[in-house]
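Keep the sequence at hand as you read.

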Amino acid sequence: MAAADRESSEKRQLLDDEVSLEKVHISTLVAHALVLCAVILPMVVADKYHDFLAIVAACCMVALFALQLVLKRAAQSVRNRNITNYVITRDSREQIQELFAMTDMLQAAETYEDAGAVLMATARRLLPSYGAALFVFNNSRDRLDLARAWDMPEGYSVPEMLSPSNCWALKRGKPHVNSPAVGTLCCAHHPSEIATVEMPMMACGQLHGLLIIAHPDSDGAYDHIMEIRRLGRALADSMSLALSNIALREKLRTQSLRDPLTGLYNRRYMEDALERFVSLGSRTGASTAVVMLDLDNFKKLNDEHGHAKGDAVLRDVAAQIVGCLRPTDVVCRYGGEELVAILPDCSLEDAMDKAEILRQRIESLSASHECAISASLGIATVPETATSATDIVPIADAALYAAKKAGKNCVSSAEKRAAREAPRLATIKSRQN
């Protein structure tokens with residue numbers, strides 16, 4: 001509204017200046033005509049009127065001089081206004097170029113950190129005396145986390161997270177100004193007397209984040225904030241498209257690497273991770289273990305209790321495995337009810353102990369689901385039982401089938417390989433149903 005009012009006022013002032021210039025120009029022409037008449041008339045009138053005509057001519061010359069001064073001042077005023085308009089136009093052109101450059105850079109941003117860095121660099125050039133903070137929705141979309149903050153004024157404590165219910169900008173989907181000094185309605189999360197404007201970032205009909213711009217001065221801060229709202233909105237709009245693209249890429253990447261039912265990594269990711277861990281282990285001399293797990297009698301569970309129950313069991317089993325292992329371990333859904341855990345820097349003995357804990361935790365799910373749940377597990381490691389990432393999975397699979405033959409609900413491991421000999425299977429722990 002302030003920008004529109006200012007533009008309307010400038011247009012009215014320009015029209016008034018044009019009318020005034022036209023009036024002065026007409027007055028100048030009249031004065032020239034009078035002077036001309038005062039010069040020509042002595043040639044045709046009697047001598048007694050010459051003095052009067054000379055006085056009239058002198059008065060007209062004085063008036064003409066005054067009108068010329070007025071014209072000069074008006075012309076100077078118009079020139080100054082044209083210079084001001086040129087500067088404004090030049091600044092607007094530079095701002096547009098900066099925004100285009102920002103949009104081009106954001107197309108190459110792959111993460112929220114990259115996008116935040118581009119936004120910070122652009123905002124510092126376009127709004128050098130302002131501070132800003134960027135908030136992005138988390139995966140569950142129940143709060144906004146601080147992604148980046150820069151040049152915020154002293155006395156403004158930037159929170160680490162925001163609740164959407166505490167922000168008027170997010171509630172309304174429109175920019176909102178917080179300025180306690182002039183009595184505006186402030187958001188519940190606004191921490192100080194500093195004036196800020198909050199820009200919601202919307203793209204494809206969905207909110208992706210929030211941009212907060214703050215002015216460090218207390219005097220006239222509200223007016224300064226109102227002046228840069230349009231530029232702040234342009235920054236937020238460009239950033240919202242980038243956030244939308246990043247969120248879409250993350251979603252597609254997750255879908256390509258994760259199993260939709262259990263949330264575990266898929267077989268494709270498992271093969272890449274296994275190759276990477278085995279190669280790293282061969283350089284450092286560390287062992288890499290693979291634990292292959294298969295739920296016992298899972299077809300019978302689906303037939304008796306339905307596929308919904310089977311899906312719920314698979315999800316809980318996946319959660320138990322992830323909760324038991326280290327953050328550096330990788331858990332994948334190999335296929336059907338078969339799961340694979342890759343344990344880097346883990347010896348055969350440690351893998352057997354961990355596998356037994358997994359077996360017990362999976363068996364404990366029987367009480368909550370009111371049906372028999374158990375698993376058989378097979379273990380292989382590089383270099384103890386296998387030589388490479390290519391043969392470790394078949395060897396772990398063979399150990400799994402050995403556990404099945406041993407009565408299920410047990411852990412089996414391939415024997416440590418001897419030189420030039422194929423690995424042999426040995427059941428190391430077993431427990432009958």
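Strand E4 (residues 176-178) and strand E5 run antiparallel, joined by three bridges. Two strands pair if DSSP finds at least two bridges between them. In this pairing, Val177 stands opposite Val197 of E5.

This is a predicted model, in which local features need pLDDT of at least 70 and side-chain atom pairs count only at pLDDT 80 or more, while totals for chains, interfaces and linings use all residues. Residues are numbered from 1 along each chain as its sequence is written, and side-chain values use heavy atoms, with hydrogens and water left out.

E5 covers residues 196-203, and seven of its eight residues are buried. Buried means under 20% relative accessible area, exposed over 50%, and partly exposed in between, with a 1.4 Å probe and protein chains only. E5 also meets strand E6 (residues 206-214): eight bridges join these two, again antiparallel. Met199 stands opposite Leu211 of E6. The two strands form a hairpin with two residues between them, where Cys204 takes a positive phi near 55 degrees.

Cys204 leads on to helix H6. Ser244 lies in that helix. Leaving aside residues up to four places away in sequence, Ser244 touches Ala203, Cys204 and His208; contact means heavy atoms within 4.5 Å. Ser244 counts as buried because its relative accessibility is 12%. Other buried residues of H6 include Leu231, Leu235, Met239, Leu243 and Ile246. How far apart are the end C-alpha atoms of H6? They are 41 Å apart, which agrees with the 42 Å that 29 residues should span at 1.5 Å a residue. The expected span is 1.5 Å times one less than the number of residues.

Helix H7 (residues 267-284) passes the same kind of check. Its 18 residues should span 26 Å, and its end C-alpha atoms are 26 Å apart, which agrees. Which residues of H7 are buried? They are Tyr269, Met270, Ala273, Leu274, Phe277, Val278 and Gly281. These residues cover an arc of only 155 degrees around the axis, so they sit on the same side of H7. The arc is that of the directions from the helix axis to the C-beta atoms. On the other side of H7, Arg268, Ser282 and Arg283 are exposed. The cover over the buried residues of H7 includes helices H6 (229-257) and H12 (389-405), together with strands E7 (288-295), E8 (330-335), E9 (338-344) and E10 (375-382). Just after H7, Gly285 takes a positive phi of about 80 degrees.

Now turn to E9, one of the strands that cover H7. Seven of the seven residues of E9 are buried, so the rest of the structure largely encloses this strand. In a regular strand the side chains alternate between the two faces of the sheet. Glu338, Val340, Ile342 and Pro344 point one way from E9, while Leu339, Ala341 and Leu343 point the other way; all are buried.

E9 has partners in E7 and E8. E7 pairs with E9 in the antiparallel sense over seven bridges, and Leu293 stands opposite Leu339 of E9. E8 is joined to E9 by five bridges, and these strands run antiparallel too. Here Val331 stands opposite Ala341 of E9. E8 and E9 form a hairpin with two residues between them, and Gly336 in the turn has a positive phi of about 60 degrees.

Cysteines come next. Zero disulfides turn up in a search of the whole structure, a disulfide being a pair of cysteine sulfur atoms within 2.5 Å. For Cys167, the nearest cysteine sulfur is that of Cys187, 4.2 Å away. Cys167 is buried, with a relative accessible area of 0%. Cys346 is buried as well, at 7%.

Finally, the chain as a whole. Its secondary structure comes to 12 helices and 12 strands. Of its 433 residues, 40% count as buried. Among contacts between residues at least 6 apart in sequence, 62% join residues at least 24 apart. The chain exposes about 23900 Å², and carbon and sulfur atoms supply 55% of that area. Accessible areas come from the Shrake-Rupley method with a 1.4 Å probe; for residues, only the protein chains shown count as cover.

How values were computed:
Helices (H or I, at least four residues) and strands (E, at least two) are DSSP runs, numbered from the N terminus.
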